[in-house]
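Biologist: I am new to this structure and would be grateful for a guided discussion. May we take it up point by point, once it is in view?

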Amino acid sequence: MKKIVILGAGTGGTIMANKLRKVLERDEWSITVVDKEPNHYYQPGFLFIPFGIYNKHDVVKPKASFIPAGVKFIINEIDRVEPDKNTVYLTNGQILEYDFLIVATGTHIKPAETPGLVGREWRKSIFDFYTHEGAVALQTFLKTWEGGDMVINIAELPFKCPVAPLEFAFLADEFFVKKGIRDKVNIYYTTPLSGAFTKPKSSKMLGELLQEKNIHIIPDFYLERVDDENKKIISYDGREVKFDLLTIIPVNMGADWVARSGMGDDMNYIATDKYTLRSEKWENIFVLGDASNIPTSKAGSVVHFASDVLFDNLIAAIEGRPLIAKFDGHSNCYIETGFGKGSLIDFNYETEPLPGTYPLPGIGPFGLLKNTRINHYGKVMFRWIYWHLLLKGKELPLESQMTMAGKEL
Amino acid sequence: MAEKVYAGKTVSVTDDGYLTDPNQWTKEIAIEIAKEEGIELTDKHFAVIEYIREKTLKGEALTIRTIGKSGMVDTKGFYELFPGAPLKKASRIAGIAKPSSCV
């Protein structure tokens, strides 16, 4: 019996388990999935919790219900992998050997990396919304907050879902307007980037939206520490921003077991061939999504598109054929912009987000880099698609490869 | 793309002033680009620039964080050497491409 071990039962690991179990013979291949968490969180939904649009139960389901029959699911922490021995060690002493390993253990916030962040103000006036607990705590806080300086900060690049802090800013603006306290709230958006976003066209469009909504952007702000006594954040070049409420995207890093195994870089991301998605060092290890160091967004849409390529290449490797499927870095993100509208960006390694229509050229229905109602509904519908189709590895009517059709240069 | 003369040598640069070919770089060019950024280069600057060139030309993607952990200079020191946007300024002076943060 040959063995595939999948580390991580998030978006990527779950999709791969479903795809592989469908095609690999059960009497020839065993598939085992390991994850430390019993719950599957719909992470795009965390954004909506602080504002009471979703509540805490709207984004959680048991991981086990998405793992197909015929796949062994172990809930336990990974201690380490010894890639030269093809072996995974779990913290409970269990040992798993593999012929092929898929790493999909993602990226996680590490608030302790920033001095002063996890102190007496943590989850009192300082919140994250990248964890279930953080988003729920912020919801409770915002119910009674009467206003002041709200500072949004991105501590480090790269981080998961690069549009989320912008969406948070837009939704916060709407929330305070509807609450009738917008005039009592100053919103500051502090970012290590030089503008609202990375690439020129989208940065301009999103920067203008921030301005329109009276959200003050403070660019090139690289966070050194938080002074929780005086409630201010301080950058490496000595700039200080005072806050009454700090919403932060803490430093993101890959899983701890990657560090314990000596398999990653200093952010615990694993060096991965950006086209084949195979580890640069080990021929029988593939890396899917946020856990890898490929130069595209850390986001669920990337994982979804990349899973098609990884699947083709893993089957090729199993059959001893060359790995010919190539990932193009395709990413596609809905951006909530507040008041029932949304925008959409679609891009890859080579092409920056451009205006146009998606997925049908000239028709849409979604508008790229446009601010429309239908884009917002796309995001709303996506939660259903995620639970019912995407995780189960079913075909969606979207191409893995990005296309230039429908884009305006 | 445009051409520019630094230290008597013609080099091609991008719209935002980064050398397109790191092999055209010389220390003299670095000194002149640094002047445009308002920086007087010291040995410490050159040590960091050489490090950034070496790593980047090997294909490693550098961040402010990796440089701060490199042992060459800590993050605060890096900011003192190249105030404001250290990685962008240092990359430009080092004659390598503008650092691109992935979306």
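Biologist: How many salt bridges does the rule find across the interface of chain B and chain A?
Modeller: The model is a predicted one. Across the interface of chain B and chain A, the number of salt bridges found is four.

Biologist: How many residues does the contact take from chain A?
Modeller: Both chains contribute to the contact. Chain B gives twelve residues. From chain A, the number is 22 residues.

Biologist: What is the area buried between chain B and chain A?
Modeller: The size of an interface is often expressed as the accessible area lost when the parts come together. Here, carbon and sulfur atoms give 56% of that area. The area buried between chain B and chain A is about 1600 Å².

Biologist: Why is chain A described as being as compact as a globular protein of that length?
Modeller: The secondary structure of chain A comprises seven helices and 24 strands. For its 409 residues the globule rule gives 22 Å, and chain A is as compact as a globular protein of that length because its radius of gyration is close to that value, at 21 Å.

Biologist: What share of the 409 residues in chain A is buried?
Modeller: The C-alpha atoms of chain A fill a box of roughly 65 × 50 × 40 Å along the principal axes. A residue counts as buried when its relative accessible area is under 20%. In chain A, the buried share is 60%.

Biologist: Is A:K201 buried, partly exposed or exposed?
Modeller: A:K201 lies in helix 4 (residues 200-212) of chain A. Leaving aside residues up to four places away in sequence, A:K201 touches A:E352, A:P353, A:L354, A:P355 and A:L369. Its relative accessible area is 36%, which falls between the limits of 20% and 50%. A:K201 is therefore partly exposed.

Biologist: How far apart in space are A:K201 and A:K392?
Modeller: In sequence, A:K201 and A:K392 are separated by 191 residues. In space, their C-alpha to C-alpha distance is 35 Å.

How values were computed
Residues are numbered from 1 along each chain as its sequence is written. Chains are lettered from A and ligands numbered from 1 in the order in which they are written. This is a predicted model: local features need pLDDT of at least 70, side-chain atom pairs count only at pLDDT 80 or more; totals for chains, interfaces and linings use all residues. Side-chain values use heavy atoms; hydrogens and water are left out. Contact means heavy atoms within 4.5 Å. Buried area is the accessible area (1.4 Å probe) that two parts lose on being put together, summed over both. A salt bridge is a side-chain nitrogen of Lys or Arg within 4 Å of a carboxyl oxygen of Asp or Glu. Helices (H or I, at least four residues) and strands (E, at least two) are DSSP runs, numbered from the N terminus. The radius of gyration is taken over C-alpha atoms; the globule rule is 2.2 Å times the number of residues to the power 0.38. Buried means under 20% relative accessible area, exposed over 50%, partly exposed in between (1.4 Å probe, protein chains only).
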